[in-house]
Amino acid sequence: MAKQAFENSTQFISPPLGAGGYVSVSVGIVGGAGYTGGELIRLLINHPNVQIAFIDSKSNAGNYVYQVHQDLLGETDLKFSNVFSPVLPEVVQSADVIFLCTGHGDAKKFLDANLQYIKNETKIIDLSNDFRLSKDAIYQLPVSGNQQPTTRNFIYGLPELNKTLIQSAQNIANPGCFATAIQLGLLPLAKAGLLKDVYTTGITGSTGAGQSLSPTSHFSWRANNIQAYKTLTHQHLGEIHQSLNQLQNGFYPPPLGDGGQGWGQRLKICALARRFYEGYFY
């Protein structure tokens, strides 16, 4: 997921200067201690045209990045910061692009609390599912009195579907993992108008559930095991249906609710978690 977001972000590299040189892009990362944040950091610290302005983490502020992401030992001496509390406006405002690697539901909360500190020109790439659906794509910062509302319009960031829109987008909602894999298989059929009822099974590893522990995230449960979960109600159903309908109009009836509820009438997803311990290697 983070790799795809990074590839989308290369659209924002400044024009060349002189003999093939590029202006460095200043990047901020919010929620950099998770798996997605770690992969994003690995990609960005090795990019010749990127300068990382900050890596924000409330729970790890002050710690070296490699203390959390041990695969980055020897790669960087950056530390996690908590630039939004207390606010360090000169750091936040230096970012040309900000990645939101927060948990689902937290990206919107983060913008509600902190968008006032982010420049209007700064591009935002959200890796959660907060802005993927068209009904959520227009974000408006709550204001009071006679203030002018600040609006951010998010583009669904699947290059195979929205390449032209991504190139000029100010804000991108990165696709989900299951959603990306399933769409790449189905979009050509949708473009040809051949989709009817679709049944698909996706198998994921252990890191897809994030770092938080749960009874089903321990080795003794995951090892050599496959378990079905969120059958026919997976949260990625909405964005998949939305994209398929973009190419094959009328593929689904209007949604009845949020998440997967009401979207599973034409597309059925059985999500399987492959419960082997995949570790954290690159």
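Among contacts in the protein between residues at least 6 apart in sequence, what percentage join residues at least 24 apart? The share is 71%, where a contact means heavy atoms within 4.5 Å.

This is a predicted model, in which local features need pLDDT of at least 70 and side-chain atom pairs count only at pLDDT 80 or more, while totals for chains, interfaces and linings use all residues. Residues are numbered from 1 along each chain as its sequence is written, and side-chain values use heavy atoms, with hydrogens and water left out.

View 1. Helices (H or I, at least four residues) and strands (E, at least two) are DSSP runs, numbered from the N terminus. Of the 282 residues, 44% count as buried, a word that stands for under 20% relative accessible area, calculated with a 1.4 Å probe and with protein chains only. The accessible surface comes to about 14400 Å², and carbon and sulfur atoms hold 51% of that area; such areas come from the Shrake-Rupley method with a 1.4 Å probe, and for residues only the protein chains shown count as cover.

View 2. Two strands pair if DSSP finds at least two bridges between them. Strand β4 (residues 50-56) pairs with β3 in the parallel sense over 6 bridges, and here G28 stands opposite F54. Strand β5 (residues 97-100) also runs parallel to β3, joined to it by 4 bridges, and L100 in β5 is the bridge partner of V30. Together with helix α2 (residues 35-45), β3 and β4 make a right-handed β-α-β unit: with the strands pointing away from the viewer, the path from the first strand over the helix to the second runs clockwise.

**View 3. N171 in strand β9 (residues 171-173).** N171 counts as buried because its relative accessibility is 3%. Leaving aside residues up to four places away in sequence, N171 touches I124, R152, N153, F154 and I155. With R152 there is also a polar contact between the two side chains, at 2.7 Å; the term describes a pair of N or O atoms within 3.5 Å, where, within protein, one must be able to donate a hydrogen and the other to accept it, and residues adjacent in sequence count only if both atoms are side-chain atoms.

**View 4. Helix α9 (residues 237-247), mostly covered.** Of the 11 residues in α9, 9 are buried, among them L237, I240 and L244.

Key
Buried < 20%, exposed > 50% of the residue type's maximum accessible area, 1.4 Å probe, protein only.
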